[in-house]
Amino acid sequence: MYKVPRGTADILPQEQAYWRFVQGKAEALCHLYGYQRLDTPVFEDAGLFIRTIGPTTDIVEKEMYTFQDRGGKQLTLRPEGTAPVCRAYLEHGLNNLPQPVKLYYFASIYRYERPQKGRYREHHQFGFESIGDADPALDAEAIDLAWQFYSSLSLKGLSLKLNSIGCRACRPDYIKRLRQYYEPHISGLCPDCRERLEKNSLRLLDCKQASCQRLALEAPKSTDHLCPACKSHFDALKVQLEALRLPYDLDHRLVRGLDYYTRTVFEVQPPEEGAQSTLGGGGRYDDLIEELGGRPTPAVGFATGMERVVLSLKKADLPLPPIPQPRIFVAYAGEENRDQALALLYELRRAGIGVTGAPVGKSLRAQLRQADALGMAQALILGEEEMRSGTVLLRNLATGEQVILPRPQLISHLRPT
Ligand code: AMP
(Lines give C-alpha, C1' and ligand atoms only; values in the text may rest on other atoms or scores of the structure.)
Protein backbone atom coordinates (compact mmCIF):
# COMPACT_ATOMS: atom_id res chain seq x y z
CA MET A 1 0.00 0.00 0.00
CA TYR A 2 1.29 3.45 -0.86
CA LYS A 3 1.32 6.12 1.85
CA VAL A 4 1.69 9.89 1.66
CA PRO A 5 5.39 10.83 1.48
CA ARG A 6 7.02 11.54 4.85
CA GLY A 7 6.39 15.11 6.00
CA THR A 8 3.31 15.59 3.81
CA ALA A 9 -0.36 15.17 4.64
CA ASP A 10 -3.76 14.73 3.05
CA ILE A 11 -6.27 17.40 3.96
CA LEU A 12 -9.34 15.27 4.52
CA PRO A 13 -12.94 16.47 4.05
CA GLN A 14 -13.44 16.90 7.82
CA GLU A 15 -10.41 19.25 7.92
CA GLN A 16 -11.63 21.44 5.11
CA ALA A 17 -13.88 23.62 7.29
CA TYR A 18 -10.73 24.93 9.04
CA TRP A 19 -8.90 25.68 5.81
CA ARG A 20 -11.89 27.35 4.24
CA PHE A 21 -12.46 29.45 7.35
CA VAL A 22 -8.82 30.60 7.48
CA GLN A 23 -8.61 31.30 3.74
CA GLY A 24 -11.90 33.19 3.84
CA LYS A 25 -10.72 35.47 6.65
CA ALA A 26 -7.35 36.03 4.96
CA GLU A 27 -8.90 36.86 1.62
CA ALA A 28 -11.53 39.20 3.06
CA LEU A 29 -8.87 41.15 4.99
CA CYS A 30 -6.54 41.38 1.98
CA HIS A 31 -9.35 42.82 -0.09
CA LEU A 32 -10.19 45.26 2.70
CA TYR A 33 -6.57 46.47 2.75
CA GLY A 34 -6.25 46.70 -1.05
CA TYR A 35 -4.13 43.60 -1.76
CA GLN A 36 -4.71 41.59 -4.95
CA ARG A 37 -4.16 37.87 -5.41
CA LEU A 38 -1.22 36.50 -7.37
CA ASP A 39 -0.52 32.82 -8.06
CA THR A 40 2.91 31.66 -9.19
CA PRO A 41 4.12 28.19 -10.29
CA VAL A 42 5.06 25.46 -7.83
CA PHE A 43 8.62 25.38 -9.27
CA GLU A 44 11.01 28.06 -10.44
CA ASP A 45 14.60 28.29 -11.66
CA ALA A 46 16.79 27.12 -8.78
CA GLY A 47 18.90 30.27 -9.09
CA LEU A 48 15.97 32.50 -8.08
CA PHE A 49 15.99 31.00 -4.59
CA ILE A 50 19.72 30.50 -4.16
CA ARG A 51 20.34 34.14 -4.98
CA THR A 52 17.62 35.69 -2.84
CA ILE A 53 17.33 33.40 0.21
CA GLY A 54 21.12 33.27 0.47
CA PRO A 55 23.56 30.44 -0.39
CA THR A 56 24.61 29.93 3.25
CA THR A 57 21.11 29.67 4.77
CA ASP A 58 19.71 26.36 6.05
CA ILE A 59 17.01 26.45 3.38
CA VAL A 60 19.45 26.66 0.46
CA GLU A 61 22.16 24.45 1.99
CA LYS A 62 20.00 21.61 3.25
CA GLU A 63 16.32 21.92 2.48
CA MET A 64 15.56 22.66 -1.15
CA TYR A 65 13.95 20.14 -3.48
CA THR A 66 16.02 20.81 -6.59
CA PHE A 67 15.88 18.62 -9.67
CA GLN A 68 16.87 18.65 -13.28
CA ASP A 69 14.02 18.46 -15.75
CA ARG A 70 14.18 16.52 -18.99
CA GLY A 71 15.45 19.62 -20.77
CA GLY A 72 18.41 19.85 -18.39
CA LYS A 73 17.10 22.86 -16.41
CA GLN A 74 17.73 23.11 -12.67
CA LEU A 75 14.37 23.70 -11.02
CA THR A 76 13.39 24.02 -7.36
CA LEU A 77 10.05 23.37 -5.68
CA ARG A 78 9.10 26.69 -4.08
CA PRO A 79 10.74 26.82 -0.61
CA GLU A 80 9.18 30.24 0.18
CA GLY A 81 6.73 32.67 -1.36
CA THR A 82 8.41 36.07 -1.62
CA ALA A 83 11.04 35.56 -4.34
CA PRO A 84 8.49 34.20 -6.86
CA VAL A 85 6.24 37.22 -6.23
CA CYS A 86 9.17 39.56 -6.87
CA ARG A 87 10.12 37.62 -10.01
CA ALA A 88 6.54 38.04 -11.28
CA TYR A 89 6.54 41.74 -10.31
CA LEU A 90 9.57 42.32 -12.53
CA GLU A 91 8.58 39.96 -15.31
CA HIS A 92 5.16 41.56 -15.81
CA GLY A 93 6.27 45.15 -15.45
CA LEU A 94 4.29 45.73 -12.26
CA ASN A 95 6.95 48.33 -11.41
CA ASN A 96 5.20 50.57 -13.97
CA LEU A 97 1.98 50.61 -11.93
CA PRO A 98 1.39 53.13 -9.13
CA GLN A 99 3.54 51.96 -6.18
CA PRO A 100 3.33 50.20 -3.85
CA VAL A 101 1.90 47.15 -5.60
CA LYS A 102 0.13 45.04 -2.97
CA LEU A 103 -0.21 41.32 -3.62
CA TYR A 104 -1.24 38.25 -1.63
CA TYR A 105 -0.96 34.52 -2.22
CA PHE A 106 -1.75 31.04 -0.97
CA ALA A 107 1.08 28.70 -1.87
CA SER A 108 2.36 25.21 -1.12
CA ILE A 109 5.94 25.33 0.18
CA TYR A 110 8.58 22.56 0.08
CA ARG A 111 11.48 22.16 2.50
CA TYR A 112 13.38 18.97 3.25
CA GLU A 113 13.16 19.25 7.05
CA ARG A 114 12.95 16.73 9.87
CA PRO A 115 9.19 16.28 10.14
CA GLN A 116 7.55 16.84 13.52
CA LYS A 117 4.40 18.49 14.83
CA GLY A 118 4.02 21.83 13.04
CA ARG A 119 6.99 21.16 10.76
CA TYR A 120 6.46 19.41 7.44
CA ARG A 121 8.17 18.89 4.11
CA GLU A 122 5.15 20.25 2.30
CA HIS A 123 3.26 23.02 4.02
CA HIS A 124 1.05 25.89 2.89
CA GLN A 125 1.49 29.58 3.41
CA PHE A 126 -0.77 32.57 3.21
CA GLY A 127 1.39 35.60 2.55
CA PHE A 128 1.31 39.13 1.24
CA GLU A 129 3.80 41.63 -0.13
CA SER A 130 3.74 45.39 -0.49
CA ILE A 131 6.31 46.33 -3.13
CA GLY A 132 7.73 49.68 -4.18
CA ASP A 133 7.68 51.97 -1.15
CA ALA A 134 10.08 52.38 1.80
CA ASP A 135 7.68 54.32 4.03
CA PRO A 136 7.44 52.82 7.55
CA ALA A 137 3.67 53.27 7.19
CA LEU A 138 3.78 50.18 4.94
CA ASP A 139 5.68 48.14 7.55
CA ALA A 140 2.99 49.20 10.01
CA GLU A 141 0.25 48.21 7.56
CA ALA A 142 1.81 44.76 7.01
CA ILE A 143 2.13 44.19 10.76
CA ASP A 144 -1.42 45.41 11.32
CA LEU A 145 -2.83 43.17 8.59
CA ALA A 146 -0.99 40.15 10.03
CA TRP A 147 -2.28 40.95 13.52
CA GLN A 148 -5.86 41.54 12.34
CA PHE A 149 -5.72 38.22 10.49
CA TYR A 150 -5.04 36.28 13.71
CA SER A 151 -7.55 38.41 15.64
CA SER A 152 -10.23 37.68 13.04
CA LEU A 153 -9.70 33.97 13.80
CA SER A 154 -10.20 34.71 17.53
CA LEU A 155 -6.78 33.28 18.40
CA LYS A 156 -5.87 34.54 21.87
CA GLY A 157 -2.68 35.14 23.83
CA LEU A 158 -0.46 35.77 20.80
CA SER A 159 2.62 37.94 21.02
CA LEU A 160 4.11 40.22 18.40
CA LYS A 161 7.91 40.39 18.33
CA LEU A 162 9.68 43.23 16.57
CA ASN A 163 13.25 44.07 15.68
CA SER A 164 15.26 46.02 13.11
CA ILE A 165 18.35 44.36 11.63
CA GLY A 166 19.57 47.41 9.71
CA CYS A 167 20.62 47.71 6.09
CA ARG A 168 23.69 47.04 3.97
CA ALA A 169 25.23 50.27 5.25
CA CYS A 170 25.05 49.51 8.96
CA ARG A 171 24.75 45.72 9.20
CA PRO A 172 28.35 44.75 8.33
CA ASP A 173 29.66 46.72 11.28
CA TYR A 174 27.07 45.19 13.58
CA ILE A 175 27.96 41.69 12.39
CA LYS A 176 31.61 42.39 13.11
CA ARG A 177 30.69 43.32 16.68
CA LEU A 178 28.52 40.24 16.98
CA ARG A 179 31.43 38.00 15.94
CA GLN A 180 33.75 39.76 18.35
CA TYR A 181 31.25 39.09 21.12
CA TYR A 182 30.88 35.39 20.25
CA GLU A 183 34.49 34.50 19.51
CA PRO A 184 35.63 34.08 23.15
CA HIS A 185 32.53 31.91 23.77
CA ILE A 186 32.96 29.52 20.82
CA SER A 187 33.27 26.46 23.04
CA GLY A 188 29.89 27.24 24.62
CA LEU A 189 28.08 27.22 21.26
CA CYS A 190 26.22 24.27 19.73
CA PRO A 191 28.00 22.62 16.75
CA ASP A 192 25.62 24.27 14.23
CA CYS A 193 26.30 27.73 15.64
CA ARG A 194 30.06 27.18 15.66
CA GLU A 195 29.73 26.60 11.94
CA ARG A 196 27.35 29.52 11.44
CA LEU A 197 29.57 32.03 13.23
CA GLU A 198 31.61 32.81 10.13
CA LYS A 199 29.04 32.62 7.39
CA ASN A 200 25.67 33.44 8.94
CA SER A 201 26.35 34.99 12.32
CA LEU A 202 22.94 36.64 12.73
CA ARG A 203 21.35 33.20 13.05
CA LEU A 204 23.26 32.60 16.30
CA LEU A 205 20.80 34.95 17.92
CA ASP A 206 17.76 32.77 17.30
CA CYS A 207 19.31 29.35 17.96
CA LYS A 208 16.97 27.34 20.19
CA GLN A 209 19.71 25.47 22.13
CA ALA A 210 19.77 26.55 25.79
CA SER A 211 23.50 27.37 25.89
CA CYS A 212 23.26 29.49 22.73
CA GLN A 213 20.15 31.23 24.03
CA ARG A 214 21.95 32.25 27.21
CA LEU A 215 24.74 33.77 25.15
CA ALA A 216 22.29 35.48 22.78
CA LEU A 217 20.63 37.29 25.70
CA GLU A 218 23.81 39.27 26.35
CA ALA A 219 24.80 39.72 22.69
CA PRO A 220 25.08 43.22 21.17
CA LYS A 221 21.73 44.46 19.84
CA SER A 222 21.32 45.44 16.18
CA THR A 223 19.04 48.30 17.25
CA ASP A 224 22.02 49.86 19.12
CA HIS A 225 24.03 49.90 15.87
CA LEU A 226 21.59 51.23 13.28
CA CYS A 227 22.64 53.97 10.86
CA PRO A 228 20.66 57.22 11.22
CA ALA A 229 18.33 56.34 8.30
CA CYS A 230 17.50 52.89 9.73
CA LYS A 231 17.09 54.32 13.21
CA SER A 232 14.62 56.97 12.14
CA HIS A 233 12.73 54.38 10.03
CA PHE A 234 12.45 52.10 13.07
CA ASP A 235 11.45 54.97 15.39
CA ALA A 236 8.73 56.07 12.97
CA LEU A 237 7.46 52.49 12.71
CA LYS A 238 7.19 52.15 16.50
CA VAL A 239 5.22 55.41 16.71
CA GLN A 240 2.80 54.11 14.08
CA LEU A 241 2.38 50.75 15.80
CA GLU A 242 1.57 52.55 19.02
CA ALA A 243 -0.99 54.73 17.22
CA LEU A 244 -2.55 51.50 15.89
CA ARG A 245 -2.46 50.07 19.44
CA LEU A 246 -0.54 47.00 18.33
CA PRO A 247 1.02 45.38 21.40
CA TYR A 248 4.54 44.66 20.13
CA ASP A 249 7.55 43.49 22.18
CA LEU A 250 11.04 44.40 21.08
CA ASP A 251 13.20 41.31 20.75
CA HIS A 252 16.82 41.79 19.79
CA ARG A 253 17.22 38.06 19.11
CA LEU A 254 14.65 38.08 16.31
CA VAL A 255 16.46 37.74 12.95
CA ARG A 256 14.60 35.22 10.65
CA GLY A 257 16.08 32.54 8.45
CA LEU A 258 16.34 34.21 5.06
CA ASP A 259 19.16 36.55 4.08
CA TYR A 260 17.08 39.06 2.16
CA TYR A 261 15.58 40.85 5.16
CA THR A 262 16.59 44.46 5.88
CA ARG A 263 15.45 46.81 8.62
CA THR A 264 12.11 45.63 10.03
CA VAL A 265 11.59 42.00 11.03
CA PHE A 266 8.58 40.73 12.98
CA GLU A 267 7.02 37.48 14.12
CA VAL A 268 3.77 36.39 15.70
CA GLN A 269 4.06 33.68 18.32
CA PRO A 270 1.42 31.59 20.09
CA PRO A 271 1.24 31.47 23.91
CA GLU A 272 3.42 28.36 24.32
CA GLU A 273 7.01 29.00 23.27
CA GLY A 274 8.86 26.46 21.16
CA ALA A 275 11.06 26.04 18.11
CA GLN A 276 8.14 24.85 16.00
CA SER A 277 5.64 27.37 17.24
CA THR A 278 6.09 30.63 15.29
CA LEU A 279 2.79 31.26 13.57
CA GLY A 280 4.01 33.74 11.04
CA GLY A 281 6.62 36.31 10.29
CA GLY A 282 7.84 38.85 7.86
CA GLY A 283 9.75 42.02 7.36
CA ARG A 284 11.30 44.42 4.91
CA TYR A 285 13.47 43.27 2.00
CA ASP A 286 14.66 46.45 0.34
CA ASP A 287 17.45 44.87 -1.76
CA LEU A 288 15.75 41.75 -3.08
CA ILE A 289 14.31 43.18 -6.30
CA GLU A 290 17.62 44.81 -7.15
CA GLU A 291 19.29 41.45 -6.56
CA LEU A 292 16.94 40.06 -9.24
CA GLY A 293 18.01 42.70 -11.73
CA GLY A 294 15.36 45.37 -11.08
CA ARG A 295 15.84 48.98 -10.06
CA PRO A 296 16.25 49.50 -6.29
CA THR A 297 12.74 48.75 -5.04
CA PRO A 298 11.97 48.65 -1.32
CA ALA A 299 9.33 46.16 -0.15
CA VAL A 300 7.82 44.57 2.93
CA GLY A 301 5.87 41.33 3.41
CA PHE A 302 4.60 38.60 5.69
CA ALA A 303 3.77 34.89 5.56
CA THR A 304 2.04 32.49 7.91
CA GLY A 305 1.91 28.69 7.90
CA MET A 306 -1.65 27.49 7.33
CA GLU A 307 -1.05 24.16 9.10
CA ARG A 308 0.13 25.95 12.26
CA VAL A 309 -2.86 28.28 12.16
CA VAL A 310 -5.18 25.28 11.80
CA LEU A 311 -3.42 23.53 14.72
CA SER A 312 -3.94 26.64 16.87
CA LEU A 313 -7.60 26.83 15.89
CA LYS A 314 -8.11 23.18 16.83
CA LYS A 315 -6.44 23.78 20.17
CA ALA A 316 -8.71 26.79 20.80
CA ASP A 317 -11.74 24.59 20.03
CA LEU A 318 -13.78 27.42 18.47
CA PRO A 319 -16.98 26.73 16.54
CA LEU A 320 -16.50 26.97 12.78
CA PRO A 321 -19.03 27.75 10.08
CA PRO A 322 -19.92 24.38 8.48
CA ILE A 323 -19.29 23.72 4.79
CA PRO A 324 -22.69 23.52 3.05
CA GLN A 325 -23.69 19.97 2.18
CA PRO A 326 -26.95 18.49 0.85
CA ARG A 327 -29.46 17.95 3.67
CA ILE A 328 -32.12 16.26 1.53
CA PHE A 329 -32.07 12.63 0.40
CA VAL A 330 -34.13 11.44 -2.55
CA ALA A 331 -35.40 7.89 -2.02
CA TYR A 332 -37.76 5.66 -3.93
CA ALA A 333 -39.98 2.69 -3.16
CA GLY A 334 -39.76 0.03 -5.86
CA GLU A 335 -37.03 -0.25 -8.48
CA GLU A 336 -39.50 0.84 -11.20
CA ASN A 337 -39.58 4.32 -9.63
CA ARG A 338 -35.82 4.83 -9.53
CA ASP A 339 -35.61 6.62 -12.87
CA GLN A 340 -38.19 9.13 -11.69
CA ALA A 341 -36.23 9.59 -8.45
CA LEU A 342 -33.08 10.24 -10.45
CA ALA A 343 -34.93 12.75 -12.63
CA LEU A 344 -36.13 14.52 -9.48
CA LEU A 345 -32.61 14.54 -8.05
CA TYR A 346 -31.30 16.44 -11.08
CA GLU A 347 -34.34 18.71 -11.31
CA LEU A 348 -33.72 19.86 -7.75
CA ARG A 349 -29.98 20.33 -8.32
CA ARG A 350 -30.69 22.42 -11.43
CA ALA A 351 -32.94 24.54 -9.22
CA GLY A 352 -30.05 25.10 -6.78
CA ILE A 353 -31.25 22.74 -4.06
CA GLY A 354 -28.56 20.41 -2.70
CA VAL A 355 -29.73 16.78 -2.76
CA THR A 356 -28.19 13.34 -2.75
CA GLY A 357 -29.52 9.79 -2.82
CA ALA A 358 -31.39 7.47 -5.18
CA PRO A 359 -28.77 4.69 -4.83
CA VAL A 360 -29.16 1.59 -6.94
CA GLY A 361 -30.75 -1.65 -5.80
CA LYS A 362 -31.55 -0.82 -2.18
CA SER A 363 -34.83 -1.26 -0.37
CA LEU A 364 -36.56 1.89 0.85
CA ARG A 365 -35.62 0.97 4.42
CA ALA A 366 -31.96 0.61 3.49
CA GLN A 367 -32.07 3.94 1.66
CA LEU A 368 -33.52 5.71 4.69
CA ARG A 369 -30.91 4.11 6.94
CA GLN A 370 -28.25 5.48 4.63
CA ALA A 371 -29.89 8.93 4.72
CA ASP A 372 -29.74 8.81 8.52
CA ALA A 373 -26.11 7.72 8.53
CA LEU A 374 -25.25 10.62 6.24
CA GLY A 375 -26.92 13.04 8.68
CA MET A 376 -29.62 14.14 6.22
CA ALA A 377 -32.40 16.33 7.60
CA GLN A 378 -35.13 15.29 5.19
CA ALA A 379 -36.00 12.55 2.73
CA LEU A 380 -38.11 12.90 -0.37
CA ILE A 381 -39.81 9.61 -1.14
CA LEU A 382 -41.26 8.58 -4.50
CA GLY A 383 -43.47 5.48 -4.42
CA GLU A 384 -46.30 4.08 -6.47
CA GLU A 385 -48.92 6.25 -4.80
CA GLU A 386 -46.87 9.44 -5.32
CA MET A 387 -46.25 8.58 -8.97
CA ARG A 388 -49.98 8.08 -9.53
CA SER A 389 -51.04 11.31 -7.84
CA GLY A 390 -48.15 13.54 -9.02
CA THR A 391 -46.95 14.16 -5.47
CA VAL A 392 -43.86 13.59 -3.34
CA LEU A 393 -43.66 12.54 0.27
CA LEU A 394 -41.37 14.75 2.37
CA ARG A 395 -40.23 13.17 5.63
CA ASN A 396 -38.42 14.92 8.46
CA LEU A 397 -35.82 12.32 9.41
CA ALA A 398 -35.40 13.56 12.97
CA THR A 399 -39.08 13.64 13.96
CA GLY A 400 -40.60 11.23 11.42
CA GLU A 401 -43.18 13.90 10.50
CA GLN A 402 -44.38 13.66 6.89
CA VAL A 403 -46.16 15.92 4.40
CA ILE A 404 -47.42 15.15 0.94
CA LEU A 405 -46.56 17.87 -1.58
CA PRO A 406 -47.81 18.28 -5.15
CA ARG A 407 -44.78 18.10 -7.51
CA PRO A 408 -45.27 21.66 -8.87
CA GLN A 409 -44.94 23.08 -5.32
CA LEU A 410 -41.92 21.10 -4.35
CA ILE A 411 -39.16 23.50 -5.42
CA SER A 412 -40.67 26.58 -3.83
CA HIS A 413 -41.29 24.56 -0.65
CA LEU A 414 -37.67 23.40 -0.43
CA ARG A 415 -35.87 26.50 -1.59
CA PRO A 416 -34.22 28.19 1.37
CA THR A 417 -35.91 31.54 2.04
P1 AMP B 1 9.29 31.34 6.86
O2 AMP B 1 9.03 31.24 5.37
O3 AMP B 1 10.35 30.41 7.32
O4 AMP B 1 9.44 32.75 7.31
O5 AMP B 1 7.99 30.78 7.57
C6 AMP B 1 6.77 31.44 7.63
C7 AMP B 1 5.79 30.60 8.39
O8 AMP B 1 5.55 29.39 7.68
C9 AMP B 1 6.28 30.11 9.74
O10 AMP B 1 6.03 31.05 10.73
C11 AMP B 1 5.46 28.88 9.95
O12 AMP B 1 4.15 29.18 10.39
C13 AMP B 1 5.36 28.31 8.57
N14 AMP B 1 6.38 27.27 8.33
C15 AMP B 1 7.67 27.43 7.97
N16 AMP B 1 8.27 26.25 7.79
C17 AMP B 1 7.34 25.30 8.02
C18 AMP B 1 7.33 23.87 7.98
N19 AMP B 1 8.41 23.18 7.64
N20 AMP B 1 6.17 23.24 8.27
C21 AMP B 1 5.06 23.92 8.59
N22 AMP B 1 5.01 25.26 8.65
C23 AMP B 1 6.13 25.95 8.37
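Predicted model: local features only at pLDDT ≥ 70, side-chain atom pairs only at ≥ 80, totals over all residues.
**Helix α5 and its ends**

Helix α5 covers residues 136-152, which makes 17 residues, and its span from the first C-alpha to the last is 24 Å, close to the 24 Å expected at 1.5 Å a residue. Just after α5, Ser154 adopts a positive phi of about 60 degrees.

Is α5 mostly covered or mostly uncovered? The helix is mostly covered, since 12 of its 17 residues are buried; among them are Leu138, Ile143, Leu145, Trp147, Phe149 and Tyr150, and the buried residues also include Asp139 and Asp144.

**Cysteines without a disulfide**

How many disulfides does a search of the whole structure find? The search finds zero. A disulfide requires two cysteine sulfur atoms within 2.5 Å, and the sulfur of Cys190 is 3.7 Å from the closest cysteine sulfur, that of Cys193, which is too far for a bond. Cys212 is likewise in no disulfide, for its nearest cysteine sulfur, that of Cys190, is 3.7 Å away.

| Residue | State | Relative accessible area |
|---|---|---|
| Cys190 | buried | 11% |
| Cys212 | buried | 0% |

Cys190 counts as buried because its relative accessible area of 11% is under the 20% cut-off, and Cys212, with a value of 0%, is buried as well.

Technical notes
Residues numbered from 1 in each chain as written. Heavy atoms only, no water. Helix = DSSP H or I, 4+ residues; strand = E, 2+ residues; numbered from the N terminus. Expected span 1.5 Å × (residues − 1). Buried < 20%, exposed > 50% of the residue type's maximum accessible area, 1.4 Å probe, protein only.
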